[in-house]
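Here are some notes for a colleague who is opening this structure without having seen it before. Please keep the view beside you as you read.

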Amino acid sequence: MSEKMKFSQLSIPPEMVSNFDTLKYHFMTPVQQEVIPHALEGRDLLVQAKTGSGKTAAFGTGILCNLDEKLWRVQALILCPTRELADQVTKEMRKIARYKDNIKILSLCGGLPIYLQELSLSHQAHIVVGTPGRVEKLLRNGSLSLRELTMFVLDEADRMLDAGFIDSITSILVQAPENCQKMMFSATFPDSVKDLAHTYLKKAKEVSVDLLHNEGEIVHKFYSVKKEKKLAALSSLLKSLNPERAIVFCNTKVQCDAVADFLSENSFSVFAIHGDVEQRERTEVMIRLANHSMSILVATDVAARGIDIKDLEVVINFDMPFESEVYVHRSGRTARAGKSGAVYSFLTQNESFRIEKLNTLMSESFVTEDFEISDGDNEDKKPVTASMVTISINGGRKSKVSPGHILGALTGENGLQATDVGKIDCLDLYSYIAIRKEVAIRAEKILRNNPIKGKRFTVRVHV
Ligand code: ADP
Ligand code: MG
């Protein structure tokens with residue numbers, strides 16, 4: 001991964017840098033790093049970047065630096081697909097513009113009385129953020145003029161075209177002066193977006209960042225979740241991720257039990273370990289994770305320490321760790337052996353400072369996102385359950401029991417198919433057998449009724 005860059009490395013006013021510092025933007029996001037230098041130069045840009053990547057400050061920095069604040073005319077127009085998105089952009093623009101006095105940013109969206117917007121426009125503004133329909137209307141009735149426009153941004157272009165705004169956008173674009181800088185941002189590039197870019201952008205610098213993560217790379221996501229919503233959020237997250245194997249970290253034993261109970265009640269295949277877990281139980285956890293008879297492990301840091309589990313698809317910090325170093329350590333449970341992985345963390349309101357510490361330690365610029373509990377979307381999705389069940393017998397190598405003997409007993413006359421049987425681990429005193437869930441009861445019976453190496457063992461099904 002490329003080096004993190006600070007805003008101070010850009011040729012922007014120092015007051016702007018210190019404002020970014022106040023906002024706790026210590027490092028540029030990858031989009032900002034790629035986009036800002038070209039935006040400052042006044043180049044046309046075609047940028048592919050996903051939501052939450054910091055696009056607003058990317059084009060916003062260019063706009064604010066190239067604006068003539070003494071000229072009370074609309075010099076920058078930012079079009080967004082919805083009023084909510086326009087409001088977000090307006091808020092973010094006002095935040096990053098705080099270092100300048102007297103910059104007027106207007107939001108012009110549908111659903112609000114047009115006469116108030118006309119009144120605001122009559123007092124002039126430097127930057128307009130709006131939705132295409134309303135902007136077009138205000139242009140048509142003469143309240144808004146683009147004669148002095150030098151910068152134009154089309155935010156979330158793909159969504160804009162999906163919403164059928166192409167005619168409005170075109171009619172707005174043709175009113176912009178010939179040499180106006182145009183910047184287009186989009187998460188995806190369907191033909192409609194390419195066509196629009198082809199028609200209106202000149203010698204555009206194409207940038208695409210943050211799209212996929214590379215092998216071995218870890219994606220970190222931070223969700224702000226209310227304390228009382230954490231369990232619901234966890235269940236929703238697990239259903240939408242549907243990981244084969246995941247570890248959920250809690251900070252206390254009590255929390256561990258509460259989380260595991262909740263997940264079990266909601267039919268997840270889950271196991272909790274904490275504090276004084278004995279060696280045998282640790283071994284069983286490892287065996288069950290490895291043989292696919294358990295998908296979610298809920299653990300404290302202490303309990304997880306003694307367990308060699310790695311290359312898990314997903315690590316979830318149900319509780320954000322108190323120390324940043326612990327975060328790094330927990331994250332190391334995923335993305336081993338060149339595989340990629342993901343770490344999801346829940347932060348309650350008074351924990352948001354932890355992300356700053358983490359950013360400092362890891363030279364990152366992680367931000368928190370709101371977590372949307374999407375039960376509706378996942379209602380028909382089954383909770384994460386393992387495909388196998390582990391059955392153990394109290395006989396192993398010391399009783400001269402081998403995987404072959406066990407497989408033989410299970411698949412003998414009227415027995416199971418070999419494909420019903422998964423991994424078999426023979427330890428000194430115990431053997432653990434993974435069996436396809438559907439035939440677990442039959443397997444248990446067979447093992448109870450059939451001696452192995454002339455001996456009957458105690459059979460236990462691990463649920
Ligand atoms: P996008 O438009 O790409 O979805 P936004 O511009 O809305 O993303 O930014 C997403 C979030 O990241 C916002 O909360 C914003 O305040 C924050 N943010 C933007 N740039 C940085 C940065 N360099 N460091 C930390 N946080 C940032
Ligand atoms: Mg945005």
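1. Start with the labels. Helices (H or I, at least four residues) and strands (E, at least two) are DSSP runs, numbered from the N terminus. Val367 sits in the loop between α15 (353–362) and β14 (368–370). This is a predicted model: local features need pLDDT of at least 70, side-chain atom pairs count only at pLDDT 80 or more, and totals for chains, interfaces and linings use all residues. Residues are numbered from 1 along each chain as its sequence is written, chains are lettered from A and ligands numbered from 1 in the order in which they are written, and side-chain values use heavy atoms, with hydrogens and water left out.

2. Stay with Val367. Its relative accessibility is 48%, so Val367 counts as partly exposed (buried is under 20% relative accessible area, exposed over 50%, partly exposed in between; 1.4 Å probe, protein chains only). Leaving aside neighbours within four places in sequence, Val367 is in contact (heavy atoms within 4.5 Å) with Phe222 and Ile355. Gly54 is 313 residues away along the chain, yet the two C-alpha atoms are 9.5 Å apart.

3. One of its polar backbone atoms is 3.1 Å from an oxygen atom of the ligand (a polar contact is a pair of N or O atoms within 3.5 Å). For Lys55, a polar backbone atom lies 3.0 Å from a ligand oxygen atom. Gln32 uses a polar side-chain atom, 2.8 Å from a nitrogen atom of ligand 1. The protein covers 84% of the 570 Å² of accessible area that ligand 1 has on its own (Shrake-Rupley method, 1.4 Å probe).

4. Which residues come nearest to ligand 1? They are Tyr25, Phe27, Gln32, Gly52 and Thr56, out of 17 around it (a heavy atom within 4 Å). α3 (55–66) and α4 (83–96) each supply at least two residues of this shell.

5. Now look at α9 (residues 191–200). Its buried residues are Val193, Leu196, Ala197 and Tyr200. They lie on the same side of α9, because they cover an arc of only 100° around the axis (taken from the directions from the helix axis to the C-beta atoms). Asp191, His198 and Thr199 are exposed on the other side. The cover over the buried residues includes β1 (45–48), β5 (151–154) and α7 (157–162).

6. Last, Thr131. Its loop runs between β4 (127–130) and α6 (132–140). Thr131 is buried, at 8% relative accessible area. Beyond four places in sequence, its contacts include Leu79, Cys80, Leu108 and Gly110.

Definitions and conventions:
A polar contact is a pair of N or O atoms within 3.5 Å; within protein, one must be able to donate a hydrogen and the other to accept it, and residues adjacent in sequence count only if both atoms are side-chain atoms.
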